[in-house]
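Here is a walk through one structure, from its overall layout down to single side chains. Have the chain open in your viewer as you read.

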Amino acid sequence: MEMRPNPTVDNSQLHRRHAPSATPSKQPAATPNPVDTTSVSQRLQKELMSLMMSGGDLGVSAFPEGESIFTWIGTIEGGKGTAYEGLSYKLSLRFPLDYPFKPPQVKFETNCFHPNVDQFGNICLDILQANFNSPNQGSSRVVIVDSYKDIE
């Protein structure tokens, strides 16, 4: 196959070297706002204590997994008088660094057959997605308890 020059393209521009301009054309990259993980950690510790004090009464518990306060393992006991009574479900919770302004990722690790839980254990509720509004609430507790109520 023979390559023929395209008369509509000016190839002389392809071989020119561009001299660096005296003023930089790029703006310096904006540095993202630093995340105050200390305040997020303190909030999670406070919510953990609150959950430990009252969650057991509701059949809900959660604790940090390993050394990180941002990754928790939780359990939800099936509600009395429901098809889930007597069952225990394990959940994983991952809190983002910009928590409580973004919701935690909550996932059932135990198989749960429910319309609000997909085949991978993801909870399909808007309170854990677009309608998450927890900066004024003890949200880890609220998320777990509300999810529990909505799942029954």
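Predicted model: local features only at pLDDT ≥ 70, side-chain atom pairs only at ≥ 80, totals over all residues.

**Overall layout**

The protein has 2 helices and 4 strands. Reading from the N terminus, the order of elements is α-β-β-β-β-α. Of the 152 residues in the protein, 31% are buried. Take the contacts between residues at least 6 apart in sequence: 44% of them join residues at least 24 apart.

Ser68 is partly exposed, with a relative accessible area of 30%. The C-alpha atoms of Ser68 and Arg94 are separated by 9.9 Å, and these two residues are 26 residues apart along the chain.

**Helix α1**

Helix α1 covers residues 37-54, which makes 18 residues. From its first C-alpha to its last it reaches 26 Å, close to the 26 Å expected at 1.5 Å a residue. Which residues of α1 are buried? They are Val40, Ser41, Leu44, Glu47, Leu48 and Leu51. Look down the helix axis and the buried residues of α1 fall within an arc of 130°, so they line one face of the helix. On the face turned away from that buried side, α1 carries the exposed residues Lys46 and Met53.

What does Glu47 form a salt bridge with? The partner is Arg43, and the closest N and O atoms are 2.7 Å apart. Both Arg43 and Glu47 lie in helix α1, 4 residues apart, or about one turn of the helix. A search of the whole structure finds 1 salt bridge. As background, side chains of opposite charge can pair when their charged atoms come close.

In soluble globular proteins, nonpolar side chains tend to be buried together. In this model, the largest nonpolar core has 22 residues, and those with the most contacts inside it are Leu44, Trp72, Phe95 and Phe108. At least two core residues come from each of α1, β1 (60-64), β2 (71-77), β3 (88-94) and β4 (105-108). Which of them gives the most to this core? That would be α1, with 4 residues.

**Aromatic rings**

The aromatic pairs number 4. One of them is Tyr89 with Phe108, an edge-to-face arrangement at 5.7 Å centre to centre with 85° between the planes. This pair links distant parts of the chain, with Tyr89 in strand β3 and Phe108 in strand β4, 19 residues apart. Tyr89 is buried, with a relative accessible area of 9%, and Phe108 is buried too, at 4%. Elsewhere, Trp72, Phe95 and Tyr99 form one aromatic cluster.

Here are the accessibilities of the residues picked out above, side by side:

| Residue | Relative accessible area | State |
|---|---|---|
| Ser68 | 30% | partly exposed |
| Tyr89 | 9% | buried |
| Phe108 | 4% | buried |

Conventions
Residues numbered from 1 in each chain as written. Heavy atoms only, no water. Expected span 1.5 Å × (residues − 1). Buried < 20%, exposed > 50% of the residue type's maximum accessible area, 1.4 Å probe, protein only. Arc of directions from axis to C-beta. Core = buried A, V, L, I, M, F, W, Y, C linked by side-chain atoms within 4.5 Å. Phe/Tyr/Trp six-rings, centres within 6.5 Å; stacked < 30°, edge-to-face > 60°. Salt bridge = Lys/Arg side-chain N within 4 Å of Asp/Glu carboxyl O. Contact = heavy atoms within 4.5 Å.
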